[in-house]
Amino acid sequence: MRISILTLFPELFEGFLSTSIIKRAIEKGKVSFDIVNIRDFAKNSYGQVDDTPYGGGAGMVMMIEPVVDAINSIKTDEAKIILMTPSGRPFKQKIALDLRQEKHLILICGHYEGIDERILNYVDMELSIGDYVLTGGEIPSMVVSDAIVRLLDGVIKRESYEEESFKENLLDYPTYTKPASFDGFDVPEVLLSGHHANIEKWRREQARMKTEKNRPDLLD
Ligand code: ADE
């Protein structure tokens, strides 16, 4: 898979691309990233990419031209173009599972008060990572890329994501590691029993209890 990210702040991606599982996925050739600086497509010599909103109001709006030129500079026939915006569709594990089938994703990071609305004529999907407003789409684009890349074949062990949160609308069951006792808090007895059927049953119950407590909406 290829992931192209269009941003005004390319330096924000340095740590993300050079660490841990994402770094390994790139080294193994499972994914490649291009980080495209929208400012390189500014229309004047000051590198201007934003302007005041028509109709008045606070803040600046990103101009459409540099963004569309940036898209055109890397677009392929198979590219799926996604705009990161708090007014997008809520990003869910199900969407990550769908998007991992794509060959080329282009993620556009908005900034300031957003991008000129006409950008919607050039994108296939708008995605939000949650009901809060961040300073820009950079962290959301890392969230979305991270969630997708770990699902690509050969990036992490399949078992690691086949039994995790949001599968069958349940959160993950609790996990523990050594030591078996810490500061008076013990690992649940059943996990030390070696009895697989009981462990499975306990995990299912715990997943349901955690979902009822933290995310009752998932059980509706
Ligand atoms: N840009 C700013 N806030 C965002 C959010 N919650 N999701 C996606 N893009 C954003």
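Which strands each supply at least two residues of the lining of the largest pocket? They are strand 5 (79–90) and strand 7 (125–128), where strands (E, at least two residues) and helices (H or I, at least four) are DSSP runs numbered from the N terminus. The model is a predicted one, so local features need pLDDT of at least 70 and side-chain atom pairs count only at pLDDT 80 or more, while totals for chains, interfaces and linings use all residues. Residues are numbered from 1 along each chain as its sequence is written, and side-chain values use heavy atoms, with hydrogens and water left out.

A pocket here is an open set of points on a 1 Å grid over the protein atoms alone, where a 1.4 Å probe fits and protein lies on both sides within 12 Å along at least five of seven lines; lining residues have an atom within 4 Å of a point. Volume is the space filled by probe spheres set on the points, which are joined across faces, edges and corners.

The largest pocket holds about 480 Å³ of space. Its lining has 26 residues, with M84, T85, P86, S87 and G114 nearest the centre. Strand 5 gives the largest share, 5 residues. By class, 13 are nonpolar (Ala, Val, Leu, Ile, Met, Phe, Trp, Tyr, Cys, Pro), 3 charged (Asp, Glu, Lys, Arg) and 10 polar (the others, Gly among them).

Next up is the second largest pocket, at about 400 Å³. It is lined by 17 residues, and Q93, K94, S165, F166 and K167 sit closest to its centre. Helix 4 (93–99) and helix 6 (158–162) each give two or more lining residues, with helix 4 providing the largest share, 3. The lining of this second largest pocket counts 8 charged, 6 nonpolar and 3 polar residues.
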